[in-house]
2 protein chains.
Amino acid sequence: MPNIEDVIKEALRIVTPSQDEVKAINSIALEIMHILERKLRELGLEAEVTLQGSIAHGTWLPGDRDIDVFLVFPRNDKYINLVKSGELVRDLAAAISEIGISWVMNYAQHPYLTLTYNGFNIDVVPCIKMRPGEKPITAADRTPLHTLYLRGRLSGLEGDVRLLKLMMKRINVYGAEIKVQGFSGYLTELITLAYGGFVNTIKAASRWIPFKVKITLEVPSKVNFNAPLVVIDPVDPGRNAAAAVSLDSMATFIAASRRFLRKPSMTFFTNNTKPLSALQVRNIPTLIIYGEYPKDYVEDIVWGQLRRIASTIWNTVSSSGFKPIDIGLYTPQDNYIVVMLTVEEPELPEYEVHMGPLVWTDEAEAFIEKYINASNVVGPFIRDGRWFVIRPRGIRSIKEAVVKGLKAVRGGVVKDSLLKGQVILINDAAQVNELPVELRDIALAFMSKRPHWLT
Amino acid sequence: MPNIEDVIKEALRIVTPSQDEVKAINSIALEIMHILERKLRELGLEAEVTLQGSIAHGTWLPGDRDIDVFLVFPRNDKYINLVKSGELVRDLAAAISEIGISWVMNYAQHPYLTLTYNGFNIDVVPCIKMRPGEKPITAADRTPLHTLYLRGRLSGLEGDVRLLKLMMKRINVYGAEIKVQGFSGYLTELITLAYGGFVNTIKAASRWIPFKVKITLEVPSKVNFNAPLVVIDPVDPGRNAAAAVSLDSMATFIAASRRFLRKPSMTFFTNNTKPLSALQVRNIPTLIIYGEYPKDYVEDIVWGQLRRIASTIWNTVSSSGFKPIDIGLYTPQDNYIVVMLTVEEPELPEYEVHMGPLVWTDEAEAFIEKYINASNVVGPFIRDGRWFVIRPRGIRSIKEAVVKGLKAVRGGVVKDSLLKGQVILINDAAQVNELPVELRDIALAFMSKRPHWLT
């Protein structure tokens, strides 16, 4: 078994960008910042153009193509209005079009631009100046303070942050978006800082207990956060920087940390799992529902709906008498929306026992009257002080139960897309060939049910 | 629909013994009491020979063949010893043999005799004189005080008691023995007295709530009884005269009382249900286990074991993943011991989900090590902060589960008899023909699952 030091040494080679990459990225960032400064001046707008995020912190992963540039405007009504309304971004977009840089307008809490420039994606985010202790006007306002806070403090720990980010990426908990509900880049930086390095973070996480971890780097918070993980944002003690982390993501990170310490291995940093063949996968009944990805919707919307749908399906299936084992959500290449559900049994028996009221309650008589002349019902009979009947089961097949659950969801494009899509029950792993090609490996991986890092 | 008055008038005709029967029973009782008095004198034993029970109270049901005669001995060490040891009963038995009356020795808390005389069964029970307020030496000592208490008080209510007894008999809750766990004769008398008649008792019972009913006729009790029904014994406030009544029996009586008031009918007093045919019964999977009745064991022993077995089987079957619906126990004609179990599904799927420890606990590593290289296991995977695996199910058939439950019971003749017997799974009611003739109607009635009085 390799020891931790060897693994980390090798992993560091992977996560450290080359000198060329550093140079290239910095010069691209400077170029675009100059362009933006010029355009803002031409528009008569007063702003600091600043580099933020992992490039500014020196913690990006090699090959990353994302650069964050924030435009910090003075804190006054004019700019607050221009930023929030999107007017500012629209003017800037027009100005940038003139010089042939292509862009897309995106919407978080307020509009921002994503430029495509020399092969990089550059997020250009307007925000309002915020001084330490002040309340942010927009959610983006804290970002410059984050960079300010980390400057100097993080130096020397960049490699550690990169190791942590890569590991989290590999175990699927990196990113605060709804699709992942995991650890944001800033959060990985704060945690690395709090514990003083990658290995110490892993050691600490191996002892984490969800809902019992609260990390305070600076000022203690007066707020009581109810979240699996609490990391007080040092620039705003009223905010939990780990609010996005779900129990699942935290548990996965804890489990992976414990495993890494017991069995250090490059599996935690590489992604070289071979696709499974149907012969390697046991035949546990798995229902697969998929539809087209709704092209015009942003990921957070789609995944928000998808998660709500998953939870409704799980509840409907359980309350219909099935035993759901696991549910998986996928949007491969943003082409499909896919829900996969493993169950113990895809078909339930014809009859079910149905518990009625206690015999001494007012409901007893209505229960008897309801069932006493019902055809196809056995009973009523008394057990443990209650009336019971045995009656034909409403829903016997898992397909029906899932479709019922899906229909019970309130609106949404994802629901519509899935209802228009396909529902396939896989009893034998070889049936994955009935699925579109892009879904087969995902289905086999889901059916095999073991995290790739658990070796 | 017949009204209550008409039904009761007709039922009274059934429960009231003829003048001939009254005369016959009284003269038989007197005869045997004279014989006993003479024999006791000859043996030099000093005792009051007293008539007790339903004959003494005038509340027996027509056709009853049981007469209770209690021999009340002075409260001193000599007699206490003679009664408790059984020496007295043995001497009396020998003396009675001389005059050609046949007898059987029975054992409750101490031995007593059952004589067969002119077609009657006469229980001859020795006991020790107890004055009101005194502690009983043997469990039988209270009986003469019960008769004393009821004398006079019950007069005029004999018909009401008889109606109550007959109804309880028909709905299967009459008798304090373990087989029934229902209402003793004395208890029906106390309840009728407390509420002042049959209809008032039924009306009161229709509003009973188990564990909330406490009936006090005389002195309130200082004891806190925890039982579905509490009726303070007026001759011994430290005793709950309804201690034998199970929740099931009480619930059945409550339900039947409510139904009787809504739909008065002779069904509650007659037993003219036609046997069902297999065509009338729905095919709910039912497992039937039966063995030979162990001839030399008294009913309370057999039924005590049978009830314990039923509860172990129920628990084993549930924890193995089956959904038990109902369990029935029978000892038809004391020839067979029979357990019948209805389940939703007699065969479970090949794999089951198995919940492991929370990922952040010390047990997590052992769980992973146990399953990571196990063949035939899918996972481990993480859900809701826990490790899970999907593994082959240990027990898939209900037969196996029931036999496992049976084997888990600690010793006993009933267990041995059932293990030597047959286990038959009925998926189709027509299969009852595979059962011994005496079991077929019982099986069909059990599978039809509706009390005969619920019409």
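Buried means under 20% relative accessible area, exposed over 50%, and partly exposed in between, with a 1.4 Å probe and protein chains only. The model is predicted, so local features need pLDDT of at least 70, side-chain atom pairs count only at pLDDT 80 or more, and totals for chains, interfaces and linings use all residues. Residues are numbered from 1 along each chain as its sequence is written, and side-chain values use heavy atoms, leaving out hydrogens and water.

**View 1. A tilted pair, A:Phe268 with A:Trp453.** Both A:Phe268 and A:Trp453 are buried. Their ring centres are 5.9 Å apart with the planes at 35°, so the pair is tilted (rings of Phe, Tyr and Trp, the latter by its six-membered ring, pair if their centres lie within 6.5 Å; planes under 30 degrees apart are stacked, over 60 edge-to-face, the rest tilted).

**View 2. An edge-to-face pair, A:Tyr330 with A:Phe446.** The centres of these two rings are 6.4 Å apart, with 80° between the planes. A:Tyr330 counts as partly exposed at 24% relative accessibility, while A:Phe446, at 6%, counts as buried.

**View 3. Charges over rings.** Look for the charged end of A:Lys449 over the ring of A:Phe446, 3.5 Å from its centre. Likewise, the charged end of A:Arg383 sits over the ring of A:Phe388, 4.4 Å from its centre. (A charge sits over a ring if NZ of Lys or CZ of Arg is within 6 Å of the ring centre and within 35 degrees of the ring normal.)

Methods. Chains lettered and ligands numbered in written order.
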